[in-house]
Amino acid sequence: MATPVEKWVEEQARLAKPDRIWWCDGSEEEARKLMEIGMKKEKILDYPLFWELNQKTWPTAYYHRSHPTDVARTEQLTFVCHPKQDQAGPNNNWMAPAEAKEKLTKLTDGCMRGRTMYVLPYMMGHPDSPYAKSCVQLTDVSYVAVSMRIMTRMSKGVLDKIGNSETFVKGMHSVGDFDPNRRFIMHFPQESLVWSIGSGYGGNALLGKKCFSLRIASCLGQREGWLAEHMVVMGIEDPQGKITYITAAFPSACGKTNLAMLQSALPGYKVWTIGDDIAWLNVGPDGRLYAINPETGFFGVAPGTSMKTNPNMVHTLKAGKFYPTLFTNTGFDLDRMEPWWEGYDAPTPAKMVDWQGKPWTPGQEGKVAHANSRFTVSMYNAPTLSREFDNPKGVPISAILLGGKRTQLVPLVTEAFDWAHGVFLGARTGSETTAAAAHQVGVLRRDPMAMLPFCGYNMGDYFGHWLSIGQRLKHPPKIYGVNWFRTDEDGKFIWPGFGDNIRVIKWILDRVNGRIGAKETPLGLVPHTADLDVSGLSIPKDKMEKLSEVDRPLWQAEVQDIDKFLNSFGDHLPAEMRRQRDMLVKKLG
Ligand code: SAT
Ligand code: MN
């Protein structure tokens, strides 16, 4: 008798019509075979899927170039298909499930002809974790199969675990013909199904990541009483050896990976990495909030990554422990067979090809690496990996940081008065857009909890769900708004960022542990000047003050923009959010 997984795979194969089906076991031996196939047989346009990089300088690393139209998430082609549009909310594109399936069925019919269909059984979360989920993804490209081995816990054992159960997460993926006009990333939360066609890009194609672990999982979380969030999870060890765990939400390409493995600028502090992108948060039996990272890899932005900004990532990328490490759409030094990107601090190669394979010489116009070029590497390579990483229960969270990229207006750090105020602080957060999605860069948009592109249901209900989680927490974490990106009159960042962000985290730890006071502003609590450790920095006093300044007239204008956003949720917006909004207006005077 065929199992439910076998039946589903058979059904999908009947539609997509691959030449062969390959059941993956997630082993290294298999990954090596897939890389061989990618180097010798599979192609995108007329170039191979993988090039082997210099194994002396970049052990286990390979280079991949994507289709030039396929370099970032495509939010306008991403749909959440609840039975009713109202359930998707104004924050999602919506299509009725039947209509979406009809469209996808046509596009999928025969799309794998001449190709192999890889079956990827994988876990999001440690297999022993009560919070983990069993999943199966199908794909017709080895780049995705190998990437999923890095990013998830892939093994044959997952199939045994699913056994005869019908409840597993389904992901159907094909690159199709890469035509953006025939590209869709569709989610069916009621069936825990993701169906994606036409793109090989990470967030569109590694279906365990944003598609399942955020969009679908946020819906599961709403139903089951937990939160799926776009957050870093990290432990900070203080000079006394005590480790405090925090999470931090930032939009894509705003430095989450750098924060997750930060090299402390303050002596005695050390960061332990648990995750750089996704956190699943559950209320523990002791009334604290517990976090797990469902992933096992980093899919990080290459440009700007260097020994100066993130030495631990450079070590991770060069560790060569877990097979393989992938570089996608960076520059490529063909003489030395090495990757290169803007901001990397090794000497610039004299001659390279750019991310599209065109000859490129230093000093010429344009960039050698795509702004959203990426690396895919195992977390087990990281020298900062927390020893709690594989703990099935997760880690107890003491503080939640909610941030965005705001060059003006928003203070460096603000502590919420309480949980509900923190939910409002998150809900009103705006951020300037980055190259991680295909849209105009640098435009301000509201991005609550950095979840705007990833919340799989009506965001008004999502705020309500956050409020209800707070009510179940006996010991809720404190909530902070943070902004590393404020600039001065010359457009230069005032705060140094990177390893110096530990200074803000230290203030947060001192607050969480009740060691210091804080100054009240209309937005929340900010540091007394003496409490923020800026030893060794040379930021002039007036600029430091600017970092905590609340410009009332500008904030009154900001409230109008916040109102516009919050009102778009109509009666899905909890009354508590309106109460918080009115309180802010009153405080601004
Ligand atoms: O969505 S991805 O996983 O491709 C990366 C991001 O945008 O956060
Ligand atoms: Mn992300």
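**Close-up 1. A salt bridge between K209 and E295.** In this predicted model, K209 pairs with E295, and their closest N and O atoms sit 3.0 Å apart. A salt bridge here is a side-chain nitrogen of Lys or Arg within 4 Å of a carboxyl oxygen of Asp or Glu. By this rule, the count comes to 37 salt bridges. Five salt bridges are found across the interface of domain 1 and domain 2.

**Close-up 2. Where domain 1 meets domain 2.** The protein splits into domain 1 (4-47 + 74-224), domain 2 (228-296 + 387-588) and domain 3 (298-381), with bounds that come from an automatic or database domain assignment. Taken over C-alpha atoms, the centres of domain 1 and domain 2 are 31 Å apart. Contact, meaning heavy atoms within 4.5 Å, links 38 residues of domain 1 with 36 residues of domain 2. The two domains bury about 3,000 Å² between them, 54% of it on carbon and sulfur atoms; buried area is the accessible area (1.4 Å probe) that two parts lose on being put together, summed over both.

**Close-up 3. The side of domain 1 that touches domain 2.** Across this interface, 22 residue pairs are in polar contact, both residues at pLDDT 80 or more. Such a contact is a pair of N or O atoms within 3.5 Å; within protein, one must be able to donate a hydrogen and the other to accept it, and residues adjacent in sequence count only if both atoms are side-chain atoms. Helix 3 (85-88), strand 8 (116-124), helix 5 (142-151) and helix 8 (208-224) each bring at least two residues to this side of domain 1. Helix 8 gives the largest share, 11 residues. Helices (H or I, at least four residues) and strands (E, at least two) are DSSP runs, numbered from the N terminus.

**Close-up 4. The manganese ion (ligand 2) and its protein donors.** K210 (NZ), H230 (NE2) and D277 (OD) are the protein donors, lying 2.1 to 2.3 Å from the ion. Donors are N, O and S atoms within 2.8 Å of the metal (3.2 Å for Na, K and Ca); water is not among the atoms, so sites may look incomplete. H230 lies in the loop between strand 14 (227-229) and strand 15 (231-237), and D277 in the loop between strand 17 (270-275) and strand 18 (279-283), so the pair ties together parts that are 47 residues apart in sequence.

**Close-up 5. A cis peptide bond between Y323 and P324.** Omega is about -15° here, and P324 lies in the loop between helix 10 (311-318) and strand 21 (325-328).

**Reading the views.** Residues are numbered from 1 along each chain as its sequence is written, while chains are lettered from A and ligands numbered from 1 in the order in which they are written. Local features need pLDDT of at least 70, side-chain atom pairs count only at pLDDT 80 or more, and totals for chains, interfaces and linings use all residues, with side-chain values using heavy atoms and leaving out hydrogens and water.
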